[in-house]
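Please open the model in your viewer and keep the selection tool at hand. The stops below follow one another, each with something to select and something to look for.

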Amino acid sequence: MGMEQTNSNNHSSDNMPSDFYSFSPQSDRESMRKTKAVRVTVCAQVTGVALFCVGLVVGLLIGIYGFNGTGKNEAPHSNQSPTLSKSVDSSGNGDSHSFIDPNKGASKNNRANNRNHDRHEHGHSHAPKDDVGSASSTRDSQRSHKHPPVDLHGHNHAPENLNGHDQDPADQQEHVHRPKDSHGHDHTPVDSHGHDHTPVDSHGHDHTPVDSHGHGHTPVDSHGHDHTPVDSHGHGHTPVDSHGHASAESHGHSHAHGGHDHPHSSSDSVLKSPNIETTLPSTDTGLDEWVDDVACVPCKWTHPVDGLTKLELFAPINSTEMIKAREALYREGIITIKPGQELAFNESYVQSMYLFPPNKTEALAYLDADGAFPGRYVTVMVVEGASEEPQLMKYKVGPLEGDSENITAIPLLKPNEVPFSHRPYDAIETREVIITVMSELNRINPMMQESFDSRSPYIDMSIMPNGPFIYNGERTSRWTAGLRGIGDKDFDFLNVVPLNGLVYHGGQDPSKWRVYNIFYLNQGPFNSVEDLYKAYKSTSLYKIQYPKGTRDLIKEVTFPKRRLSNPLRPNSHRTGTKTVEPTGPRYRMKGHDISWLGWEFSVTTSQHRGPAVFNVKFRGERVVYENALNDIGLLYSADGSGQDNIFYTDSTFGLGASKVAISEIDCPSHAAYIKSVMWNPVAMRGSERLTICIFEMDAQEPLYRHKGDDIEVGMRNRYLVARYPTQLGNYDYLIDFQFHLDGKIVTTATATGFIQASYLNTLSDFYNPKDPGRTPFGYRVSNDIIGPIHDHTFSFKVDLDVVSEKNDFELIHWKYGNVMDALRTVKKENMKYPNYFFHNQTRFVEWEHVQNETVLDIDSKHPKFWTFLNNNVKNFWKVSRGYRLVPMHSGTQNIENDHPDAKHLSFTQHHLTVTKRKENEQYVKPIYNPADTKDPEPSRKYVDDMVDGESIENTDIVAWVALGFLHIPTSEDVPMTTKVTSGFTLKPFNFFDTTAVFDMPSHAVGVNKTVFDSEPEEEPCQYIPLSVQG
């Protein structure tokens, strides 16, 4: 690969920390090799000085030869006197070269000159990619083929020689091209002997981590040794940004630290390794200029990723595992098509894949007692269209970690338990449904143009299907039409028009699907679009006509961007506040296992159910085995044939089918990202995305504080966040798992995005001309639309293991009464009134030990504490150790059992359901519609069926939590609903002996300003690329 000259920002040994040059003892041969390398470096430095003295000769040599004339053991020359040091990559695959500028870090007198040398034009450097999308290795660059590097936009960024001419990588067979920073400095890490310690994988690919700005930050220890983690297959894991790019910073510059460079790899090439990807924060402090009056020291920055030491139990199924499962199903004849073949409903294909939860007993044996690995299995939903009797079948496929020949597929449903007509939506069917409706509306395009200012349904309209359900014995969905408020960029559900109906999409032949039961301005139903058009052309139908230009006005109003007609708020053009990590992250990551200041947990996600954390421990003790989002339920009420009583259970559509997180919006710039994989039924493979971000949050408030006359104490409230952003149709959600210093776990669910609107029909009986802005179903919020009332209910499965699985559930009633009422809670006979009470009226608590499975609701008039206790272990004060579940304020579902969809929404009926844990009661409801909703099989149960009176004393119990909010949209919800949050807290309840934060540094100042303790403070420092990692 080609090499370009840079002004190195490396520092001479006089200005480096001593430990940067220290090495762990190795073999004599290794010591000799290092000594030899030092000698080569010293000789090269002397040579550089000599050549500098004969500057005219140096300039002539460079002008003639550039870098192309530099041999393997020759030092290139420049007016900066860089020394050539030989560096060996961590795999030992040959030599590479890098430059060190000994002037950097010199005395103050030389700093001004050094800064002048620093100010070079930007050196764009993008390593050429090989045929698999990875940056070409050194061996690749030795081929005779020429590969001028280009960036993602197709711009040529071939490295330049000293004369400013492009250098062809093929001309530099012995040199590795190194990227430069904004000053043209080379940031290749080398040790004191000139050895490069950049990791490469078994294929010769470099997996140097990069931060959110594209800066490379290969972790090295105090000896300069690289500790970049590899997975169980030996593959390195390159951190990437939230867009999936291992990309250069905003100027297009890569700061890769050696090895085979990937300064601007695409997300496709980066996302080949299974499981984890991390976006590392920028450690650039902005101190590009030396500050003479500050004693600067190297910033210490900590890399958060450690190598895996055990097989991961809870990590999402990765792409490789998905392919193994797919191939196993094909071998057994369960699926009938392979990649490259066209999907059809008369074929058998994989609809979705997600992790099959390990048996808890086996999992705990593996986690706690070094027991056998339970195995990795995947749940596979297969649409068996090629079967004699088409159906949906669910399989358990695995084990996936062994040889493919040992993989088996075990059916998890009874034959025809879920008929073909009862299967959930998938992307293939949804697309066909939308096309079917649009093609029918296109047949009456003159009406569409006149009524809705639409050029064509295919261009300006969106179709919102809702279903599927069985209507008159047929697989059916409701549909509503709307104008595209954000053009061809996306579908939105905001700008609905008064046109809706039903679509039959049963059977396996889409040509036989039909659109019927059509309503126009609530007039109908019409059995076909022809019938509607005939009525429209007659005088018997009320008509609507949107003015010309309506579609453009809607786009202007709908697209969420700053209105240029509005003046900017004062100072809004300035950069806002951001949180930084002065020394790098304090959390550690091993695959999907996270640790932070006493907390340990595994984070994962499922394609249908969404995110979850498993095996949550604090200070080495497990408090939660599983905390998992299970479903989100929504029920709409509106005045419109296509909008009334629409309901959604989002697990059907895929809570885990997430898009890539929005950098610095969903997650801060210093966040790390973890990769998850979603099955793509069309491509028949996994689609990998950076969906979960990990970061430490500074709440900018005290966790505790006290200030007296002679004392002030406190601690800043910081906590770790595992965040999962996702989008389903019009709504966007953020699910947070927060881990606090005092042992709390806070789980929140936030909704934002577009509302789903309904049309404001002034011909309706519900329209009141005297009060035109309100209806019983919602307010007018924009042009001709109402924000229909609806709710959001988030359902979580919380399997608490307070110290162990043997737990009890206890209610604490907060009561009011007289003194004798309080006395009766502890004494039943021989009671005597205690006359020392000043008043007879008092408040007190009463404990209720719950023996059997139960349901509970929040009752603000009669408060209850929900506590989960381990009565087998006590704290120092002889009190059972426990955790309390504290719900945030929540809306309450008020539909009755006579509602047609009450069964599907049964999990929204109660805020808390407590049941005995069972392996076959994994979820709050099925994602499909069983032919018989009263099927006694536990795996098909809804949560209300799980409450059957079993004992929950001293056993493994599960809390099914359903919390949310009622939403009456207002004009402030257009175009965007700003965040609305609900959730719950798991709070230590006598779990500790004292406040659980005094093993952390804190602010403590006593009498006479005596400082007893203080939180760590950031020291003034100069960012030094080589000495920063440690």
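**A tour by selection**

Begin by selecting Y520, which stands opposite Q523 in strand 13. What you have open is a predicted model, in which local features need pLDDT of at least 70 and side-chain atom pairs count only at pLDDT 80 or more, whereas totals for chains, interfaces and linings use all residues. Residues are numbered from 1 along each chain as its sequence is written, and side-chain values use heavy atoms, with hydrogens and water left out.

Next, select residues 514-520, which form strand 12, and follow the antiparallel pairing with strand 13 over 2 bridges; here two strands pair if DSSP finds at least two bridges between them. Strands (E, at least two residues) and helices (H or I, at least four) are DSSP runs, numbered from the N terminus.

Now widen the selection to the open sheet of 5 strands, which has the order 9-10-11-12-13 with antiparallel pairing. Strand 9 (461-471) and strand 13 (523-526) stand at the edges with a single partner strand each, so one side of each has no neighbour in the sheet. From one strand to the next, the twist averages 20°.

Angles run from 0 to 180 degrees between N-to-C directions, and axes are lines fitted to C-alpha atoms, for helices over the stretch in contact. Then select residues 445-452, helix 9, which packs on the sheet and touches strand 9, strand 10, strand 11 and strand 12, its direction making about 150° with that of strand 11; contact means heavy atoms within 4.5 Å.

Which residues of helix 9 are buried? They are N445, M447, M448, S451 and F452, where buried means under 20% relative accessible area (1.4 Å probe, protein chains only). Viewed down the axis of helix 9, these buried residues fall within an arc of 155°, so they line one face of the helix; the arc is that of the directions from the helix axis to the C-beta atoms. Just after helix 9, select D453, which takes a positive phi of about 55°.

Move on to D801, in the loop between strand 28 (785-800) and strand 29 (808-818). D801 counts as buried because its relative accessibility is 1%. Leaving aside residues up to four places away in sequence, D801 touches K360, R622, V623, V624, Y625, N807 and D956.

Finally, colour the chain by pLDDT, the predictor's confidence in each residue from 0 to 100: the mean is 76, and 68% of residues reach 70 or more. Over residues 56-294 the pLDDT is below 50.

Notes
Buried < 20%, exposed > 50% of the residue type's maximum accessible area, 1.4 Å probe, protein only.
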